Amino acid sequence: MLVGVCDFPGSYAFPPAGYGGIERWLWAVAVGARAAGADVRLLGPGWLPELEAEWVRKPVRLEDITPGSLAERELKAAGYDLLIVGHEYPSLPAWVRTWTQLDCDVATFQHSPVFQHAESAFDGKRSRLYCYSPEMIERYAAHQPVQELAVHLGLHEEEPPATKGRDLVWLGRIDEEKAPHLAVRAAQILGHRIRVVGPVFSEDYVRSHEKLFSADHVEWVGELGGPAKTAAIREASLFVYTYDRTYVEAGAAVFGESLRAGTPMAALTWRDGTCAQAALCDRTGATTVVPPDADDETASQALAEAIERASALDHAQVQAIGQHRFDPTRHFEAMAAR
């Protein structure tokens, strides 16, 4: 099988060493495809040039190809069986025009809860959309989505054997949508230390919770990438997951990252059918569902109870389950099957 994994214009490298959800997903699919025995070509100029020592890199984007050009003829002659692409592209007319000349399948994963696809983007067979959770399946039901857990990998982020770790960790972008103040308060209720890892996206949000964020039990780590990011997760006793009441998580990378590293999770959700419930089980974490009209203190108390439940889980077992559940080879094979 010949598989093309397409990049797109973006602010992160391909593959990124830390953040960049769709970019990390595309790299995981490329890694999984190769492990499954496929012939993989990295399409687009965004892929790191140093990958050429081990990968076939073709710096061409389908949406930029002129009809009838040599580039189009070369793509068609290659005989691609499957293209893996970011979720916007099956609705981009210029990209679709070139893709239809190739007579191959296309598969993508929905990484946004709000992007609107063209009505003709997916037929459920030759063009396929995958979604992480029942909540996302429902939002994109018109496009015949398939439920599948996304796998995300970075460069040089291989997970060492699990360890018990210490302290709690929260990782992500620091803003209202991700609501880390709830994790910080839950840790405070329990008398635990917590490390907050990630870039600040909203200074106003941080100031609005200044008393919590400046408390003695909080360690601000900043943005980490590569092995340092993996180590921050692995060396924690527990990963605490939060988000705001109105936010819809399309397919958070942190679930796979934490479980693959062997770190159990405690997750706060505001409804059923979310990514947390799709990713976790009673052997890998604890999820609490809090009514969205509850106040922050009630939510933090419920999250603290989830932290206590998840704290007894075995890290080695969590890692074994995580590396099976979030295996890139299995993920690719699921997406490659009609």
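Analyst: One definition to begin: buried means under 20% relative accessible area, exposed over 50%, and partly exposed in between (1.4 Å probe, protein chains only). This is a predicted model, where local features need pLDDT of at least 70, side-chain atom pairs count only at pLDDT 80 or more, and totals for chains, interfaces and linings use all residues. Residues are numbered from 1 along each chain as its sequence is written, and side-chain values use heavy atoms, with hydrogens and water left out.
User: Is Glu72 buried or exposed?
Analyst: Glu72 has a relative accessible area of 9%, so Glu72 counts as buried.
User: And what does Glu72 touch?
Analyst: Leaving out residues up to four places away in sequence, Glu72 touches Ile65, Thr66, Pro67, Arg97 and Gln101. Contact here means heavy atoms within 4.5 Å.
User: OK, pockets now. How much space lies in the largest pocket?
Analyst: About 840 Å³. A volume is the space filled by probe spheres set on grid points, which are joined across faces, edges and corners. On a 1 Å grid over the protein atoms alone, a pocket is an open set of points where a 1.4 Å probe fits, with protein on both sides within 12 Å along at least five of seven lines; lining residues have an atom within 4 Å of a point.
User: Which residues lie nearest the centre of the largest pocket?
Analyst: Gly21, Arg173, Lys178, Tyr247 and Glu249, out of 36 lining residues.
User: And the second largest pocket, how much space is there?
Analyst: About 340 Å³. Its lining has 20 residues, with Leu153, Gly154, His156, Glu157 and Glu158 closest to the centre.
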